[in-house]
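Keep the sequence and the 3D view open, and try each task before you read its solution.

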Amino acid sequence: MLYQTHFKNEQFPYIDTVMNGSQSFSPHCHHEMEIIYINKGELKLIYEQTIYTLTEGMIAIIPPYINHALPAPESYCERFIIETDLNLTVGEKYTNPKHKANYSKYLYKRHTISSYWSPETYSKVKMLIFSMHDEYLRQETAWEFSIKTFMNLLLLVAIRSFPEQENNSENSEAVQKLRQAIEYVALNYRSHVSLQECADLCGFHSTYFSKYFKKHMGITFQAYVKNTRIEHAKWLLTVSSHSITEIALTSGFSDMRVFNKLFKQETGMSASDYRKAVSSDTDAAM
């Protein structure tokens, strides 16, 4: 399992990682936008309720608050991943914070998997994400500004050039309710998550909401929150040098005993062993 992580400035909300291994990520969500480029091999992506097979050269853009999962690759797969907060693009100090949500809504209506794009659009997107990758590696003068510029151009291409999804009115209300619930989890999993608050947000009684969520997601609300927290912890163990206690707290666990128990149940090993496995495999590959 190889993880080459370019994480040079933790204050800059941008992570750039090359991964080569069999790690899986269960259904989860986050408020960052995620970009995946397949260098070699293939990877399954579960995007909301649809399964995609990403092959060499394909690109997937996962907007904020979208439920997704990445099963373990069945064979060798090298992928390049960018994860960034959309505040990076709009400039949270200078614009209305609601603009970030508006970007997300634009992306929800577009096909964000490259198999749907025209060759011209694909070339533009590939050029932009590789330009960001190069800027982040070289870290020359004004590299942060350069990445922000490329990210804004990427969003502009997505909004103007990605084909629109067909509107299925039969499922649109269910999808909207689920996105409200998933966005609530993504915004709150680091601290307090309340089933009642989420049900109220969706306009449901809590008992009905529990059944509704399980029916459409195939998992209970509580289990989904747990998955989101564990997957966030796995990601930080992979890409950061934070202490395990800090990672547990950042991922929404206030009790280390609970975190240790759930993490081992999910991964089959402790958080420290998980980090050592990633680190030793990286050293062996380099």
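This is a predicted model: local features need pLDDT of at least 70, side-chain atom pairs count only at pLDDT 80 or more; totals for chains, interfaces and linings use all residues.

**Exercise 1.** At roughly what angle do the axes of H6 and H7 cross?

*Solution.* Step 1: draw the axes, which are lines fitted to C-alpha atoms, for helices over the stretch in contact; angles run from 0 to 180 degrees between N-to-C directions. The axes of H6 and H7 come within 9 Å and cross at roughly 85 degrees.

Step 1: give the angle a name. Angles under 35 degrees count as roughly parallel, over 145 as roughly antiparallel, 65 to 115 as roughly perpendicular and the rest as oblique. H6 is therefore roughly perpendicular to H7.

**Exercise 2.** How do H3 and H4 pack: what is the angle, and how far apart are their axes?

*Solution.* Step 1: locate H3 at residues 119-138 and H4 at residues 143-161; their angle is about 165 degrees and their axes are 9 Å apart. H3 and H4 are therefore roughly antiparallel to each other.

Step 1: list the partners. Residues of H3 including Leu-128, Ile-129 and Met-132 meet residues of H4, among them Phe-150, Leu-153 and Leu-154. By class, the contact of H3 with H4 holds 12 nonpolar, 4 polar and 2 charged residues.

Step 2: visit the loop between H3 and H4, where Ala-142 lies. Ala-142 has a phi near 65 degrees, a positive value in a residue other than glycine. Most residues other than glycine have a negative phi.

**Exercise 3.** How do H8 and H10 cross?

*Solution.* Step 1: H8 spans residues 221-239 and H10 spans residues 256-267; their axes come within 11 Å and cross at roughly 85 degrees. That makes H8 roughly perpendicular to H10.

Step 1: Ile-230, Lys-234 and Leu-237 are among the H8 residues in this contact, and Phe-259, Leu-262 and Phe-263 are among those of H10. The contact of H8 with H10 has 6 nonpolar, 2 polar and 4 charged residues.

**Exercise 4.** Is Thr-228 buried or exposed?

*Solution.* Step 1: recall the cut-offs: buried means under 20% relative accessible area, exposed over 50%, and partly exposed in between (1.4 Å probe, protein chains only).

Step 1: apply them. Thr-228, in helix H8, counts as buried because its relative accessibility is 1%. Not counting residues up to four places away in sequence, Thr-228 touches Pro-27, His-28, Cys-29, Val-185 and Tyr-189.

Step 2: compare with Thr-245 in helix H9. Thr-245 is partly exposed, with a relative accessible area of 41%.

**Exercise 5.** How many residues does the largest nonpolar core have?

*Solution.* Step 1: a nonpolar core is a set of buried Ala, Val, Leu, Ile, Met, Phe, Trp, Tyr and Cys residues joined through side-chain atoms within 4.5 Å. The largest one has 45 residues, and those with the most contacts inside it are Leu-54, Phe-209, Phe-213 and Phe-221.

Step 1: helix H5 (residues 169-188) gives the largest share of this core, 7 residues. Apart from it lies another core, of 27 residues, including Phe-80, Leu-86, Val-125 and Leu-128.

Conventions: Residues are numbered from 1 along each chain as its sequence is written. Side-chain values use heavy atoms; hydrogens and water are left out. Helices (H or I, at least four residues) and strands (E, at least two) are DSSP runs, numbered from the N terminus. Contact means heavy atoms within 4.5 Å. Ala, Val, Leu, Ile, Met, Phe, Trp, Tyr, Cys and Pro count as nonpolar, Asp, Glu, Lys and Arg as charged, and the others, Gly among them, as polar.
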